[in-house]
Number of protein chains: 4
Amino acid sequence: MPSVDLVITNGLLVSPETTVAADIAVDQGRIVAIGAPGTLPPARETIDATGLHVIPGAIDVHVHVREPGFSHKETWTSATRAAAVGGVTTVFDMPNTNPPTASVAALDRKHAIAGSQAIVDYGLYGLIGEHNLDQLEAMAQAGAASFKLYMGSENPLVPCPPDGAIVAAFEILARLGIRTTVHAENTPLLTWRGETLRAAGRTDAAAHLEQHIDLAAVEAVSRTAIFAEWTGAKVHIAHESTRHSLPHIRFAKARGVDLTVETCPHYLFLSTDDGGRLGDNFMRVKPPVREPGHAGPLWDALLDGTIDMLSTDHAPHLMSEKTRDVIWDCAPGFPGVETSMVLMLAQVSRGRLTLGQYVRMACEAPAEAFGMFPRKGVLMVGADADIVLIDMSKTGRITAAGLHSIGNATPFEGFALHGMPVRTLVRGKTVALDGRPVGPPGWGRPVTVRRT
Amino acid sequence: MPSVDLVITNGLLVSPETTVAADIAVDQGRIVAIGAPGTLPPARETIDATGLHVIPGAIDVHVHVREPGFSHKETWTSATRAAAVGGVTTVFDMPNTNPPTASVAALDRKHAIAGSQAIVDYGLYGLIGEHNLDQLEAMAQAGAASFKLYMGSENPLVPCPPDGAIVAAFEILARLGIRTTVHAENTPLLTWRGETLRAAGRTDAAAHLEQHIDLAAVEAVSRTAIFAEWTGAKVHIAHESTRHSLPHIRFAKARGVDLTVETCPHYLFLSTDDGGRLGDNFMRVKPPVREPGHAGPLWDALLDGTIDMLSTDHAPHLMSEKTRDVIWDCAPGFPGVETSMVLMLAQVSRGRLTLGQYVRMACEAPAEAFGMFPRKGVLMVGADADIVLIDMSKTGRITAAGLHSIGNATPFEGFALHGMPVRTLVRGKTVALDGRPVGPPGWGRPVTVRRT
Amino acid sequence: MPSVDLVITNGLLVSPETTVAADIAVDQGRIVAIGAPGTLPPARETIDATGLHVIPGAIDVHVHVREPGFSHKETWTSATRAAAVGGVTTVFDMPNTNPPTASVAALDRKHAIAGSQAIVDYGLYGLIGEHNLDQLEAMAQAGAASFKLYMGSENPLVPCPPDGAIVAAFEILARLGIRTTVHAENTPLLTWRGETLRAAGRTDAAAHLEQHIDLAAVEAVSRTAIFAEWTGAKVHIAHESTRHSLPHIRFAKARGVDLTVETCPHYLFLSTDDGGRLGDNFMRVKPPVREPGHAGPLWDALLDGTIDMLSTDHAPHLMSEKTRDVIWDCAPGFPGVETSMVLMLAQVSRGRLTLGQYVRMACEAPAEAFGMFPRKGVLMVGADADIVLIDMSKTGRITAAGLHSIGNATPFEGFALHGMPVRTLVRGKTVALDGRPVGPPGWGRPVTVRRT
Amino acid sequence: MPSVDLVITNGLLVSPETTVAADIAVDQGRIVAIGAPGTLPPARETIDATGLHVIPGAIDVHVHVREPGFSHKETWTSATRAAAVGGVTTVFDMPNTNPPTASVAALDRKHAIAGSQAIVDYGLYGLIGEHNLDQLEAMAQAGAASFKLYMGSENPLVPCPPDGAIVAAFEILARLGIRTTVHAENTPLLTWRGETLRAAGRTDAAAHLEQHIDLAAVEAVSRTAIFAEWTGAKVHIAHESTRHSLPHIRFAKARGVDLTVETCPHYLFLSTDDGGRLGDNFMRVKPPVREPGHAGPLWDALLDGTIDMLSTDHAPHLMSEKTRDVIWDCAPGFPGVETSMVLMLAQVSRGRLTLGQYVRMACEAPAEAFGMFPRKGVLMVGADADIVLIDMSKTGRITAAGLHSIGNATPFEGFALHGMPVRTLVRGKTVALDGRPVGPPGWGRPVTVRRT
Ligand SMILES: [Zn+2]
Ligand SMILES: [Zn+2]
Ligand SMILES: [Zn+2]
Ligand SMILES: [Zn+2]
Ligand SMILES: [Zn+2]
Ligand SMILES: [Zn+2]
Ligand SMILES: [Zn+2]
Ligand SMILES: [Zn+2]
């Protein structure tokens, strides 16, 4: 029997359905065997996972790597190092860079940048705009892993297309079999309310919530589902933030709409009450972290499957960008790719969910939704050896200083941790170890997605 | 016992719940007593309704009287004469006249025109526009019976406001307690598709349906309901045309949204198959009469209460305006106010519905929805003596030449009738008799609506 | 114009939909005219209802008159006197008398007794038993107004038929078009639990609740609905007592089952907490008044129409029969026919419901469900002049001593009243005035029900 | 690296979610490794699965082995040989033997019989009776894998307990965490209708359907769910036969009832129309194969998860027992354990379902429902090596003569096959090969179930 590259021994393998003690053999980047201790081939390298849980690497389908265009906030190097340390082995990068990823050329350029720096695997979003509908297919052929629709945008770089263009885009993407991720807010509503609030001289943090009322999200979720139903497109609702959307999501799924939904840790762990601790202006994110009362229903929906998966909307900024006096000048969003898994493991330790449920929402569900299963998101023969070793006994605290993002202004400063990833492998290579990124730049590769 | 103005004797009084043989006494325009034959006071005039059914006058909340601005299509005289002959005692006039009814001045002007010509009672719609939100309350005080929102407009006279303005308008109207009628189509979708079809050189009738796809209606119905739910506004969906909206209507009602819905005879009796008979271009109406398969579900929804009421979207045009070569040049819509009741009575004769169900959908439901009940829409003491006498044995045929609208281009030419109104009274005065309008111009008065 | 027997002047007529100031003319027991003051014919008698509300007489479809067999608890004289004072103009009498009303002969005998004593109108229930299925049609022809099924019985006089007989009975009654009232509890469950509790030596009040667990009612409601759905029978669920049944009622109605439901004041106003005040053993009733937490959902269901109507399950006993040491020896049930309307009027005064809603649940709904509408349950021309005049300003207190039932052991002793019936007319004759029964024995007549 | 007992090479491993080419290593009866070809340890035996699909052994939770008491119909030897050839590696045996499995002694005796004969693994049902409630826990400790409730029985050996006993049993089993399988028909309804039909002299096959109307099943399914909801018991609905139950199953699952459901091939492939081919009397089974129109909705429900799993209700009889003149004398039921997989594989070949869906309904779902997952029902490290090799290209026909049951009166005679199991392993030992049973008697062992 020829030897293999690597065997991980004595770990507890966790899947959504079960936990089993087994070794994993890896060769040429893939899992080639799973077996009881002693049954696997000799290996050139052995990792002893005694006392550790072994899960598939997390997949974060909502990451703003920021490059090209905003390298002072984050680079492919810094973002993927943060991901690796955070137990994330695949990131999907959003197209609101400069230039936006709205053409084959922009996509090629981003592939080049990512390819030289990334230490984890990645997918690149193409942008859906009013004027690039005729390029969507070419971008798909050039390797766009998914497409992003900014339905709900105040950013002139990535304006919201008119509904006619959205439906036309959905028709194209339905034919291509590619899922579209939607920032679902109602742009005209945001615009009108923003102008009204600015005209009234409002510059305070509460004005941000008054602009981005739940209604803007609820309506856009419903509209997205209706457009998807009509066109047959597969859609994914980004960063679900409000309990008021949940009945509409359930109604859409009951109608058979191919709709998946994500939420993010900041909606599960924070509310406007955290403004006192963090500064109200610092809290700015789109859609907003809302008043208390939403996190509970969002948790319930995540655990019952109404919300399919966990992402982070990783959106790094400098602290100085997030703490300006005028709310409209405060950069929206937080880093998240490094803190999501540890935040959830602490909840596993408290019994709020099982590790199997975490694997479902963070690994298997995104892999299935975005056409990567069973190549990613699962520990099985033939899958990429994207593997995270977890020490459920390890404790610690989140600190901004300890994060690997350039824009490390985390809202989770000081959160107590119980359960941490201690080793992250991407296609068999260790890219993070004991909290330090160790993967070689350029190890990350673009994912291949199945289109159906 | 003093005598009264009028007693209608020996008729069969029909309500949604029951039918009873009784006389009706009328004095000073109101029903003052209902009693068994012989129990009512002496009257200066007696109408013998032996063999006739007696119902409340129909209320048509969707009528385009066209004046001011388009008197060559219809005038308040011609429209209300048609209404009277058709058994309609109250019409609600749409604001897409020239000028549009978008200000107190325009409302006053239309009140003056209507007041001098109308032979039936009327309510005037105020227009909701992006730039007149600050005048809605004044228009309400000046007597606007309801407000109309063109969500779904290609007409520069009555453009669709942005969603921010719509929500702001709903907030105002929720506070005022006034129901808003919505032309629910998605304007950006209409615009995009219209431009695409024109750019492709399409001028045929099918292009109209391709532009106004069901999706445009379905989405706008859902959005209207969500905005209504959020603001607490009462809304009314105009001219429901597609079975695909029905699940969304049911979902909204189940959520407790104060939503009422109308459909019109052309959606209940016609399909694109009628293009052969009438000319495909002639068939143009917004939203379109669709392919076969919608009328059945719409009938079911009307009878089970999902759709609350019957209106006509009476939209008279000259035949020459409706039969141009290029579909985009064909005037959309049909006259309806004179033919709705007779079309439905023929169905009563065939057993498709009961006369009580007709009274519910055509009289009581609109009166309740628009704050006129129990002043209108019901035969009871204290109600306006808006009364229609029906001869269920009378037969005939619809002919354009026999209609009283100027724009008499009816799609129901030749339809066989069984059951016809033979006398229409508005506040006790006979305004139509045996198919002839006889009411004095200016007898019609604006309705008073209760706001809650 | 000939004069009429009676005119009631200046009252406020209340219907579910509206309130109107009008006079009512009555002749030969029927309402012959409703009109504005001054429009009605001269009358031999005039009742001035100035300041009073005028409603249709209440219809109580669940009354145990007790005669023949248990005249020491109640007679047709005492029960109908109580009803008249309580504003109830029609009672439906239950068949668990001795002999039970299980044959044409028993029905005839009860008709004779009732006919000589009653001062309000009445319907007689026939009993559905395992062995009288071949007599149901004859009993219907002999005037049974409805039929009663004891699904849930420990009384050997009226045993629960096996399910096969129940379905056979439903098939017969579906054909006859008669609604069946069901005491919906699961008899085998009651029997098993009763024997178990007795075997354990339990004699305390709590044992009664442990025997009659909610489950016994919930299951039987569901089973009744399924049998009704399969056979096409119209069924009526007696004395709904538990919130746990409500989802099953809603599911049945959504499926289109012709199911109506009643609840009773003791379920709306009491809970086991009242045992301290009244004595736990005194509280015994089947099904039981349950722990706190049910009344709220039952009120909600009554106001949203899930529960259609209010009845009383008037079940008079002597106080000595209700207060024995051993719970199994305590007679179950309370008098109710005299106190139901005043209890609800006090809630009208507090704003918990409108008088129109009361008219719906106590007058119109039972008349419709049991085929008496529009002859009863409504104030309209042609209806029986079953009329109650209410003084909403009158206050008082319920006392057992003030009740007219022989078995006057009321659980509502001391309840404060605000709003009271001051005059009750049955077919035009005053049968109660200012709290005193004045109707002549034998004035009451059996009702005629429409079978469909 | 030490060698293992067995490696199965070059097969395509099928799970509900995916298919992967991999080898399986087996040692001491368990799967010890799954790996790419070449990665697994040396083995004392190798099975070449080139060109074959590899699935977990099917689990049939509804098998009547008949012994003790009816060995002329079937023995543990014959039944488990049939199972092995049919790809079934675990059978659950029903307790309606003679004596019934209603006590620890009877259970022990059956364990002894099974243990000496069986060639596949097995679970034994304990019987729930009115008089053995105090022995349920002891039977569970003695190894009863599940319990069977005959709610719907005409068999004096296994009478239906009264509802009070059923609820008491559910309370016990909820505490023990054991799922109860329910023959859900309404016994009193069966009894009543049976007596009525017999009294009418009916002896024809149609009388069987008239006795066992759908209603009897629908009602019992609903009642079972309500009892389960109240007690917290886990229940399993046996042999779902009618589309009319499906709304009730969906309602129960939506309420959160822990309800699982099976259907059987005869309900999916047959209707009363097959009586012509097979003889109407031969068709007798409880509940009946019904008129055409049920199979379609049952297939839909099986594929959408409303029905969780496939079983067979394997009920072997001699042909002479099934073909008597009087329908009441005809033995009800068919053999099924050997034909279920091949019938479904033929449908896989036709595209009606995927092989993954079959693995879900026949392997994984029963293992999960009855507490055997992940020891059985799945191909993973640590699982029992219950493995079936399938040749999807192999064709053939079902013939009674070719079956291994003693009572081989199959209704599927002549059915064309496409896809057949060619090798069945139980805990690593081949028990059937190329259609011949080869396992040694006594190889089968009782399963261990997890109770939660
Ligand atoms: Zn976003
Ligand atoms: Zn984002
Ligand atoms: Zn319109
Ligand atoms: Zn219109
Ligand atoms: Zn009762
Ligand atoms: Zn009772
Ligand atoms: Zn069975
Ligand atoms: Zn069976």
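**Notes on the metal sites and the B–A interface**

1. In this predicted model, the zinc ion (ligand 8) and the zinc ion (ligand 7) sit 3.5 Å apart. The protein donors of ligand 8 are D:His62 (NE2), D:His64 (NE2) and D:Asp313 (OD), at 2.1 to 2.2 Å. Their spacing in sequence is H-x1-H-x248-D.

2. Where do D:His64 and D:Asp313 lie in chain D? D:His64 is in the loop between β6 (58-63) and α1 (76-85), and D:Asp313 is in the loop between β13 (309-310) and α12 (319-322), so the pair ties together parts 249 residues apart in sequence. Both D:His64 and D:Asp313 are buried.

3. Over in chain B, the zinc ion (ligand 3) is coordinated by B:His183 (ND1) and B:His239 (NE2) at 1.9 to 2.1 Å. B:His183 belongs to strand β10 (residues 180-184), while B:His239 is in the loop between β11 (235-237) and α8 (246-255), 56 residues apart. B:His183 and B:His239 are both buried.

4. Now to the interface: chain B and chain A bury about 2300 Å² between them, 79% of it on carbon and sulfur atoms. B:Trp192, B:Leu215 and B:Trp230 supply 29% of the area that chain B buries against chain A, more than any other three residues.

5. On the side of chain B that touches chain A, α7(B) gives the most, with 10 residues. The residues of that side divide into 16 nonpolar, 5 polar and 9 charged.

How values were computed. Residues numbered from 1 in each chain as written. Chains lettered and ligands numbered in written order. Predicted model: local features only at pLDDT ≥ 70, side-chain atom pairs only at ≥ 80, totals over all residues. Heavy atoms only, no water. Donors = N, O, S within 2.8 Å, 3.2 Å for Na, K, Ca; no water. Helix = DSSP H or I, 4+ residues; strand = E, 2+ residues; numbered from the N terminus. Buried < 20%, exposed > 50% of the residue type's maximum accessible area, 1.4 Å probe, protein only. Buried area = accessible area lost by both parts, 1.4 Å probe. Nonpolar A, V, L, I, M, F, W, Y, C, P; charged D, E, K, R; others polar.
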